[in-house]
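Please open the structure in your viewer and keep the selection tool handy. We will go from stop to stop together.

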Amino acid sequence: MKKYSIVRIGSEYVVQAGKTSILKVSSRREAAKLVTDAAELLQQEPAPVADEHPSIGREAPEVS
């Protein structure tokens, strides 16, 4: 997992992964909570693979 940092730029906080800016929020507390939530989600087990043939068919898009 990449290292995350929270940087203040002006009156906003920017969440960065490495040197890449990912998210801009208005409070440091909100930024810290989002980083924590994202880290927890990344540690969870992957979702099971969906069936190749779903039980509900998808409608064809309308062409005008």
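The tour below starts with confidence, then moves through the core, the surface and the charged pairs.

**Before you click.** This is a predicted model, in which local features need pLDDT of at least 70, side-chain atom pairs count only at pLDDT 80 or more, and totals for chains, interfaces and linings use all residues. Residues are numbered from 1 along each chain as its sequence is written, and side-chain values use heavy atoms, with hydrogens and water left out.

**Stop 1: colour by confidence.** pLDDT is the predictor's confidence in each residue, from 0 to 100. The protein has a mean pLDDT of 84, and 91% of its residues reach 70 or more.

**Stop 2: the core.** Select Tyr13, Val15, Val25, Ala31 and Val35, which make up the largest nonpolar core. Such a core is a set of buried Ala, Val, Leu, Ile, Met, Phe, Trp, Tyr and Cys residues joined through side-chain atoms within 4.5 Å. Buried means under 20% relative accessible area, exposed over 50%, and partly exposed in between (1.4 Å probe, protein chains only). Strand S2 (12-17) and helix H1 (28-43) each supply at least two residues of this core. Helices (H or I, at least four residues) and strands (E, at least two) are DSSP runs, numbered from the N terminus.

Now centre on Ala31. Which residues is Ala31 in contact with, leaving aside neighbours within four places in sequence? They are Ile6, Tyr13, Val15 and Val25, where contact means heavy atoms within 4.5 Å.

**Stop 3: a nonpolar patch.** Show the surface of Tyr4, Ile22, Leu23, Leu34 and Leu42, a nonpolar patch of about 440 Å². Strand S3 (20-25) and H1 each give two or more residues to this patch. Patches are made of residues with over 30% relative accessible area and no salt bridge, with like charges joined within 9 Å and nonpolar side chains (Val, Leu, Ile, Met, Phe, Trp, Tyr) within 5 Å. Areas come from the Shrake-Rupley method with a 1.4 Å probe; for residues, only the protein chains shown count as cover. Tyr4 sits in strand S1 (residues 4-9) and is partly exposed, at 32% relative accessibility.

**Stop 4: salt bridges.** How many salt bridges does a search of the whole structure find? There are 2, each a side-chain nitrogen of Lys or Arg within 4 Å of a carboxyl oxygen of Asp or Glu. Pick Lys24 and Glu12, whose closest N and O atoms are 3.6 Å apart. Lys24 in strand S3 and Glu12 in strand S2 are 12 residues apart. Then pick Lys33 and Asp37, paired at 3.1 Å, N to O. Both lie in helix H1, 4 residues apart, about one turn of the helix.
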